[in-house]
Amino acid sequence: MAQTPGSQSSLHRANRERVIRAVRRAGSLTQAEIARTTGLSAATVSNIVRELRERGTVQVTPTSAGGRRARSVSLSGDAGIVVGIGIGRTRLRVALGNQAHQVLDEESEPLPPSGSAARALDRARDLVDRLLDRTGVDRAKVGGAGLGVPAPVESAPGARGSAAPPGSAGARTAEELGERLGLPVRLDNDANLGALGELVWGGGRGVRDLAYVKVADGVGAGLVIDGRLHRGPGGTAGELGHLTLDESGPVCRCGNRGCLETFTADRYVLPLLHASHGDDLTMAEVVRLARAGDPGCRRVVTDVGRYVGRGVAGLCNLLNPSRIVLGGDLAEAGELLVGPVREAVERYALPCVAAQLTVVPSALGDRAEVLGALALALDALGDATLADASVPVNR
């Protein structure tokens, strides 16, 4: 019999999902913390936790809270295996995890710069097979996969054409990988998954409003508003790299002039150093040389930080996040990049906005997107999700 909206059974299901989502976001909570987080009564929480424990969905372990004995609730990791895949411009990463957010295994390999998308999907399938064989995981227990790509991901029908940003990816990308894996695949862009990875596993834990800003061959932002990713109706929210800084500046790949990306992306930045450092310089080498004290490379990284900071300041004036997490290749420069971003934010953002903001480098480094892909796949499992960032392996 169908459940009537507002019926006792549908209300109970909604409350159960609230409890699970609260635990998923925090990793583990005492029953008193669950009650405070969800607004449910202690008796309701106790009944739901008992039910979930009997179903094997959660595990309850003794702990202490405020010097008093309590019971910590977390979701079980016995089932709900998922795959996370991050396809970058130059590197492929694959991770295998369970619903307790334990990373069972992970691996990465370089991608040829001239390789096709189909070839990258083939290699992703091969790496998934290798991880499953190596861990001995029963393939029947794998419930799905999350996939991250370095491009805007369309979520609105008909977004193709002039309305879609350059290089946009659509549902067909997920379908093609799903056909190779024999699994349902959820797709999102790398910046969104970096935000999700940091929110669930890294430097964004416990923060409800943040932006993950990825500085690499472009600049993209994954936006978390009130604890949820904000993608926009067309799936292209967070295209920070196409914020106009100089309407008379260089022509961007999007067709406009003076976008933030034209002052920060490697194809615009690296030529500034060709005369002094040669034509084969890479952004990774720029970061390494900057950290080693090379004055030209330090100047370039600092300038990029100032430009990014101007874009971040505008974003913060609009959305007022409490944390900015900087990721991507250039974030490996640490304070050489983060410091100028902070200074620019203090200069261009409203004082009350800047005072409430912290700017930090990614806690997950280049693994943020693949761990976000794991979290995306876990979210698709519904009741079998957990945001507990137990110490993951790093292979």
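A charge is taken to sit over a ring if NZ of Lys or CZ of Arg is within 6 Å of the ring centre and within 35 degrees of the ring normal.

**View 1. Arg-310 and the ring of Tyr-348 in the predicted model.** The charged end of Arg-310 sits over the ring of Tyr-348, at 5.7 Å from its centre.

**View 2. The salt bridge between Asp-217 and Arg-89.** The closest N and O atoms of this pair are 2.7 Å apart, and the bridge links distant parts of the chain, with Asp-217 in the loop between strand 9 and strand 10 and Arg-89, 128 residues apart from it, in the loop between strand 4 and strand 5. Asp-217 counts as partly exposed because its relative accessibility is 22%, and Arg-89 likewise counts as partly exposed, at 47%.

**View 3. Arg-125 and Asp-122 in helix 4.** These side chains form a salt bridge whose closest N and O atoms are 3.6 Å apart; because the two residues are 3 apart in helix 4 (residues 117–135), about one helical turn separates them. Both belong to a network of salt bridges that also includes Glu-109, Arg-123, Asp-126 and Arg-180.

**View 4. The salt bridge between Arg-253 and Glu-261.** The N to O distance is 2.5 Å; Arg-253 is partly exposed at 41% relative accessibility, whereas Glu-261, at 1%, counts as buried.

View 5. With a relative accessibility of 0%, Asn-192 counts as buried, and, leaving aside residues up to four places away in sequence, Asn-192 touches Ala-221, Gly-222, Leu-223, Leu-229 and Arg-231.

Note on methods: Residues are numbered from 1 along each chain as its sequence is written. This is a predicted model: local features need pLDDT of at least 70, side-chain atom pairs count only at pLDDT 80 or more; totals for chains, interfaces and linings use all residues. Side-chain values use heavy atoms; hydrogens and water are left out. Buried means under 20% relative accessible area, exposed over 50%, partly exposed in between (1.4 Å probe, protein chains only). Contact means heavy atoms within 4.5 Å. A salt bridge is a side-chain nitrogen of Lys or Arg within 4 Å of a carboxyl oxygen of Asp or Glu. Helices (H or I, at least four residues) and strands (E, at least two) are DSSP runs, numbered from the N terminus.
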